[in-house]
Amino acid sequence: MMLREGLANRVLLWVVTVAGLLVIYAPPLYLLAISFNPALQPGLPRLSELSLKWYASLRQETALIGALEQSLIIATATAVLATIMSLLAALAYFELRARRTAWLLAVILPMFVPGVIQGLALSAVFTRAGIKASTLTVIAGHLLWAMPFAFIVILTSFAAVRRSYLVAAADLGANWGRQFIDITLPLVRPGLISAFIFSFLLSLNEFTRAFYLAGRQNTLPVVLFGKMNSGASPVIYAMSGAIFLISVLCVVLIALRFLWQARVADSGRRMAR
Amino acid sequence: MTKHVGMFASAQHSNMQRRDFLKLMGAGGAALSAGSLSWASRAAAQDAATVAFWATATLDIGDKWKAFATQNGVAPEFTDNGNDIGPVIARLAAGNANDLFDIGGFQGGAEKELARQGLIIPWDLTKIPNYESVWQWAKDIPYLKHDGKQYSIPTVVNADSIIYRPDKLGKVDSYGVIFDPKLKGRVAMEDAWINSAIFTAMYLKESENKPIVEPGNLTESELGLVMEFLIKHKKDGQFRTFWNGWEQGVQLVADQEVDAMTGWEPIVYEGRKRGLQVEYAAPVEGYEGWGNNTVLLKGAGDRGVTDTAHKFVNGLLGGFYGCELGQARGYLVPTDNNLTYAKAHPDEYKPDEVGKLAEHVKAKFAGKVYWQNTRPDNFQLYEEWWQKLRNA
Amino acid sequence: MSRARLPISSMLMAPPLLAILAFGLLPLIVVVVWSFWSWDPVTYWIKPDLSLAGYAGILEAGRWTVIVSTLIKAFGTALLCLLIAYPTSYAIHFLAGRRLNVILLALITIPFFTSYLIRSFSWRLVLGRAGIINDWLQAVGITDAPVDWLLFSNFAVVVGLVASYLPFAIFPLLLSMRRVDPTYLAAAQDLGAGFWKGLTTILLPLTKSGIFAGFLFVFVMVVGSSTEVQMLGGAGASIVSVMINDVMRVANYPMAFAISTIVLAVIFGLVLIGNRIFGLASLFEDQSP
C-alpha cells in the first residue's frame with residue numbers, strides 16, 4: 001500500500017488482529033473439536049478417539065433438522081425484506097432534508113427493545129388482531145430486529161455516493177430512477193451485501209423473539225436452548241459443527257470466486273495496457 | 001416429532017385438511033429440505049389423529065412418539081416449551097399458545113392461576129380410564145384440582161436432593177453439605193427460587209430447627225429467614241455458581257467445578273453414563289417432590305379435539321410411555337401400568353428395571369417429601385428476594 | 001426539481017415506515033401503556049387500574065442497580081470491542097493484500113453462523129477449573145492449582161461478550177474504512193505527519209460513522225444479551241434481560257414492562273445526547289470536498 005506505518009506499528013496492528021480473531025474463534029473451534037469426540041462427556045478428544053459418530057446420528061434428529069429448515073427459511077426472508085426495506089429507508093433518509101435525524105432515530109429505535117419484551121408484546125398484538133402465529137409472525141419480529149442494523153450498514157456505505165455524481169447524471173438527463181439504478185445501486189452494493197449477510201445471521205441466531213412468535217415449528221436456537229436445558233446428547237455439538245463446516249465451505253467458495261474474478265479482471269487490465 | 005408449518009398455518013384446520021395440506025407441502029418441501037426422508041416419515045404419521053403437545057423436554061420421548069401413535073391411535077406433535085414456567089405462562093396469557101397447542105405439560109403449581117384465567121379447562125376423568133391406576137399419593141398432590149375439578153394429570157413425578165461426588169466427599173446425607181464452609185466455592189445450587197428456596201427451607205427446618213411450617217409455601221417472615229441465610233452464604237463465596245439447565249448442571253459436576261450441588265436425578269444417571277462417580281443423596285431432611293403435569297388447554301376445547309386429547313393422556317398413563325421415559329431418562333410415570341407393560345413386552349423393556357425404578361421412587365416418597373410449587377402464596381415476594389440475592 | 005422530491009421521499013418511506021409502525025411502535029405503545037396498569041391477583045394478568053407500582057418496584061431490591069450495571073457492561077464491552085476492532089479493520093483494509101483481505105473477512109463472518117448459546121457454553125469448558133487454559137497454566141508451571149476467577153466472574157463475562165460481539169464492531173468499521181481514500185493518508189505522511197498523527201487527524205474523523213455504528217451495535221447487543229451472563233457470570237449474576245425474565249416468571253407484567261420502558265428511555269436518551277454532541281446526521285453525510 002502507499003502507506004508507511006513503520007514496522008513496530010504494523011506488528012502491533014497484526015498482533016491485535018490475531019488476538020481478536022483468536023478470541024472470536026476459540027469457542028467455535030473448540031466446539032468443532034468436541035463434536036468429534038465420541039464420548040458423552042464434552043471435552044477435547046485424543047487424536048486416536050476421533051469419530052464421526054454424532055454427525056452420523058444427525059440424520060435421525062428430525063426435530064433439529066426441522067428447526068434448522070425453519071430457521072433458514074426465516075433468516076432468508078428476513079434478510080431479503082430487511083435489506084430492501086432498509087435500502088428504501090436509507091434513500092428516504094437522503095431525500096429528506098429537515099426531518100432527517102428524526103427519521104434516523106425512528107428507524108433505529110426498535111434496536112433498543114429487549115427481545116423478551118418485543119417478542120411478548122408483538123405476540124400480544126398479533127393475538128388480539130387475530131393473526132395466528134406462524135413463520136410469518138416470526139419474520140415480522142425478526143424484520144424489526146434486523147432492519148435497524150441493516151439500515152445503519154447501508155447508510156454507512158452510502159458515503160460512496162457523491163452528490164456530484166448524481167448532479168452530473170441529472171445534467172446529462174437522467175431522472176431519479178436512472179440515477180438510482182446506474183449510479184447509486186452499484187456504489188452501495190457492498191453495503192447491500194453486508195446488510196443482507198448481517199440480517200441473515202442476526203435472524204439465524206435470534207432466540208427470544210422467535211420463542212414468543214413462533215408457531216408449532218420452533219426455530220433452531222429455540223430447540224437448541226430447550227435441548228441444553230433438559231438433556232441432550234453431544235449431537236447438538238455435531239449440529240453446531242456441521243453448520244460451522246458448511247458455512248466455512250460456502251464462504252470459502254464465495255471468496256474463491258471473488259478472488260478468481262479479481263484475478264481475471266487484473267490480468268485483463270494488464271493485457272489492455 | 002415436530003410438524004413443519006408452512007406459510008398458511010392455521011390451527012383451525014381439521015385433521016382431514018391438515019393431512020392433505022401436509023401431502024401438498026411434502027411435495028414442495030422435498031425440494032426445499034435437505035433430505036426427503038424426514039418428510040416421508042412426517043406424512044406417514046399423519047394417519048392417526050393428531051394433537052399438539054407443548055411440554056418441557058422432560059416429557060419428550062423423541063422418535064418413540066411414532067410407536068406411541070401406532071399403539072394408541074393418537075399422534076402427538078411435540079413442541080418443546082423451554083421449561084421456564086415464566087415465558088410459558090406469559091405465552092398462554094398474552095400470546096399465541098392457546099391458538100397453537102392442545103395440551104400443555106409443565107411443572108405443577110400454576111394450575112390455579114391458569115384455571116382462573118380460563119386458559120385451561122378441566123379434564124373429564126371418565127374419559128381417562130388409566131387414571132385409576134395412578135398411585136394414590138400422586139393423585140393427592142395438592143394443586144391438581146381447583147374448585148373440585150381436575151385440572152391437571154400427574155405425568156412425571158420425582159423427588160430431588162443432592163448430586164455429589166463420593167470420591168471427594170464420602171457419603172453425604174444432609175443438605176448441610178451445601179452450606180459447609182469447608183466446601184466454599186465447591187458447591188452450587190439451581191438458579192431458581194422454586195427449588196433452591198425449598199431445599200434451604202428444608203435444611204433450616206429439619207437440621208437447624210427454625211420455625212418453618214411448609215417449605216414449599218413460605219410465609220413472609222419464613223421467606224426472609226431462608227433468603228437471608230442464602231444471601232449470607234453467597235456473600236461468603238460459598239457457591240461456585242447457580243446453574244441453569246441440564247447441560248450446565250452436568251458440566252459442573254463432570255468438569256470438577258463443584259463437588260456437590262442440589263439438582264435433578266437424571267444428572268446423576270448422565271454423569272455415570274459419562275464415566276463419573278456420582279451419587280444421589282438420601283438426605284435426612286427429606287426430598288423435594290415435584291411433578292410435571294399435563295393440562296388441557298382451552299384452545300383444544302375451541303377446536304373440538306378434547307376427545308383426542310383425553311385419548312392421548314390416557315395413552316401417557318398406559319405403560320409404554322412410562323417404560324420409555326424411565327429407560328431414556330430415569331423419570332417415572334406414577335402408575336403400575338408401566339410394570340404391566342414391561343412384563344407383557346419383556347423384549348422391549350426389562351421388567352425388573354422398570355420395577356426397580358418404581359420401587360426407588362416410591363421409597364423416596366414414603367419418607368419425608370416437601371412439594372415443589374411454582375406458585376406459592378407469596379410468589380412475587382420470592383422474586384423480590386431472589387433479586388436481592390442476585391445483587392448481594 | 002424540488003417539488004418532485006417530496007412525493008419520492010414519502011413513497012420511499014412508506015414501506016419501512018409501515019413496518020416500523022405496525023411491528024415496532026404498536027407493541028411498544030402496548031408495553032408502555034401496560035406498564036402503568038396493575039397486576040390483578042384474581043386473574044393473574046393485568047387490569048387497567050393505573051398505578052406506578054411497576055416503576056416503584058424498580059427502586060426496590062436493587063433492581064435499578066442491575067440496569068446501571070448492564071449499561072456499564074454494555075459501554076465497557078463496546079469500548080473494548082472498538083479498541084480491538086479498529087486495528088483489526090485497519091489491518092484488514094490497509095495492510096492485507098487483496099487475497100488476505102477476502103480471507104480475513106470470510107473468517108470474521110463464519111463464527112456468526114453458530115449459536116450464541118453453544119458458543120458461550122464452550123467458554124465454560126475453556127475457562128473452567130479443568131479447562132484448557134488452567135491445564136496449560138499448570139503444565140507450564142505458572143500456577144500449581146487451577147485459577148478460580150477465570151470462570152464465573154466478571155472476567156469470564158467480558159471475554160464471552162467480546163467473543164460474541166466483536167464481529168459486530170468490525171463490520172461497520174470496515175465498511176467505513178472503504179470510503180477512505182488512501183491518498184489522503186499518504187499525502188499526510190508526505191507532509192511529515194507520523195503514523196499516529198495521520199491516524200488521529202485523518203482516519204479517525206473519516207471513519208466516524210463506522211465508529212458510531214460499531215459502538216452502537218455492540219452496546220445494543222450486550223444490553224439485550226443474557227446467555228453470556230447466565231453461563232459465565234457466577235452465582236446469581238444478573239443483567240436486564242435476565243431480570244425481566246425473573247419478573248415475568250412471577251406474572252408481574254407491569255414491572256417487567258416498566259423495566260423495559262425505563263431501559264428504552266435511558267438508552268434513547270443517551271442516543272439523543274450523543275446526537276446533540278456528535279450530530280448523528282453528519283456522520284452519514286456526503287464528505288466529498
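Modeller: Let's begin with chain A and chain C, which bury about 9,500 Å² between them, 81% of it on carbon and sulfur atoms. Buried area is the accessible area (1.4 Å probe) that two parts lose on being put together, summed over both. This is a predicted model: local features need pLDDT of at least 70, side-chain atom pairs count only at pLDDT 80 or more, and totals for chains, interfaces and linings use all residues. Residues are numbered from 1 along each chain as its sequence is written, chains are lettered from A and ligands numbered from 1 in the order in which they are written, and side-chain values use heavy atoms, with hydrogens and water left out.

Colleague: Which helix gives the most to the side of chain A that touches chain C?
Modeller: Helix 1 (residues 7–35) of chain A, with 18 residues. Helices here are DSSP runs (H or I, at least four residues), numbered from the N terminus.

Colleague: And how many residues does the contact take from each of chain A and chain C?
Modeller: It takes 102 from chain A and 101 from chain C, where contact means heavy atoms within 4.5 Å.

Colleague: OK, how many over all chains, then?
Modeller: A search of the whole structure finds 27. One joins the side chains of E270(B) and K273(B), at 3.7 Å, N to O.

Colleague: Where do E270(B) and K273(B) lie?
Modeller: Both are in helix 12 (residues 265–273) of chain B, three residues apart, about one turn of the helix.

Notes: Helices (H or I, at least four residues) and strands (E, at least two) are DSSP runs, numbered from the N terminus. A salt bridge is a side-chain nitrogen of Lys or Arg within 4 Å of a carboxyl oxygen of Asp or Glu.
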